[in-house]
Amino acid sequence: MSAAERLTDALYGIGWSTVRKLPEPAAVRLGRAVADLAWKRRGKGVLRLEGNYARVVPGASPERLAELSRAGMRSYLRYWMESFRLPAWSADRVRGGFDPKDVHHLTDGLAAGNGVILALPHLANWDLAGAWVTTELETPFTTVAERLKPETLYDRFVAYREGLGMEVLPHSGGSAFGTLARRLREGGLVCLVADRDLSASGVEVEFFGETARMPAGPALLAQQTGALLLPVTLWYDDSPVMRGRVHPPVEVPASGTRAEKTSVMTQALADAFATGIADHPEDWHMLQRLWLADLDPAADRAAGPAAGPAKGSP
């Protein structure tokens, strides 16, 4: 393990061991202070965030983009402060920390017994949404996570999410898709963050007027298993409660090849994601390249996950 990897692992360890013990107002202030410091430094992540926001809010002035990136960094650090503290939250705090709309799409789908896939973009705090599902709905689910370096850091994130009631599979290795398909055929729930392709073999979609690539996994799983595919968007407001919406199901087209069906369904996911991102751009934590016009594969691999170590998609 390199010195940099040891430092990274230690910093995340401090977050879970120390930040979780802070009173909530102190954690909020700390997160905002760290966010503002990072924003003022104008590093690569902040500049990339502004570049992505320029696609989402076309015609925005440099001043407006700077305002958005500052708000975006504060939202991003709120995610981290909440995530570090989530293992210490009571069940009542988790239940009261998230207020989603149209949950009937999810509960009706689970009741039908054919399995449900929830697909989300990097909006707000997907870990909190997952904890709410396992706590309020008492429904465990399976997800995947990108394998990180050092291995000890990956193990920290797996243990963290398993402690919230999630089954976590490694993104690499090729076996995740088969396990997810089995869980869905058993009537289970699968949750995937699906607005950025980690495999470089995803589906091209039109996203805010330009071409991006998103994972094929959610659409392929729905076709192969008959599970319901539901987009989900999340956002913060001025309260301590995160908001969200479960969108109507993405239907499997009646005709076409598997590739054609996958393209149509992934575009439908992208369109649903775009509605949530356009309404709350500051809560979209995409600090990496996304659109094909921006991609530099070598630099992209070196940059790491979009919003820190996160759930991914096959």
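**Notes on the largest cavity and the chain around it**

1. Start with helix 7: with five residues, this helix gives the most to the lining of the largest cavity. Helices here are DSSP runs of H or I with at least four residues, strands are E runs of at least two, and both are numbered from the N terminus. Strand 1 (98-101), strand 2 (116-120) and helix 7 (126-136) each bring at least two lining residues.

2. A quick word on the model. It's a predicted one, where local features need pLDDT of at least 70, side-chain atom pairs count only at pLDDT 80 or more, and totals for chains, interfaces and linings use all residues. Residues are numbered from 1 along each chain as its sequence is written, and side-chain values use heavy atoms, leaving out hydrogens and water.

3. Now the cavity itself. A cavity is a set of points on a 1 Å grid over the protein atoms alone where a 1.4 Å probe fits but cannot get out; lining residues have an atom within 4 Å of a point. The largest one has a volume of about 140 Å³, with volume being the space filled by probe spheres set on the points, which are joined across faces, edges and corners. Its lining has 15 residues, and Phe98, Leu118, Ala129, Val133 and Val232 are the closest to its centre.

4. Zooming out, the protein chain has twelve helices and ten strands. Of its 314 residues, 50% are buried (under 20% relative accessible area, 1.4 Å probe, protein chains only).

Note on methods. 1 Å grid on protein atoms, 1.4 Å probe; cavity = no way out; pocket = protein on both sides within 12 Å on 5 of 7 lines; lining within 4 Å.
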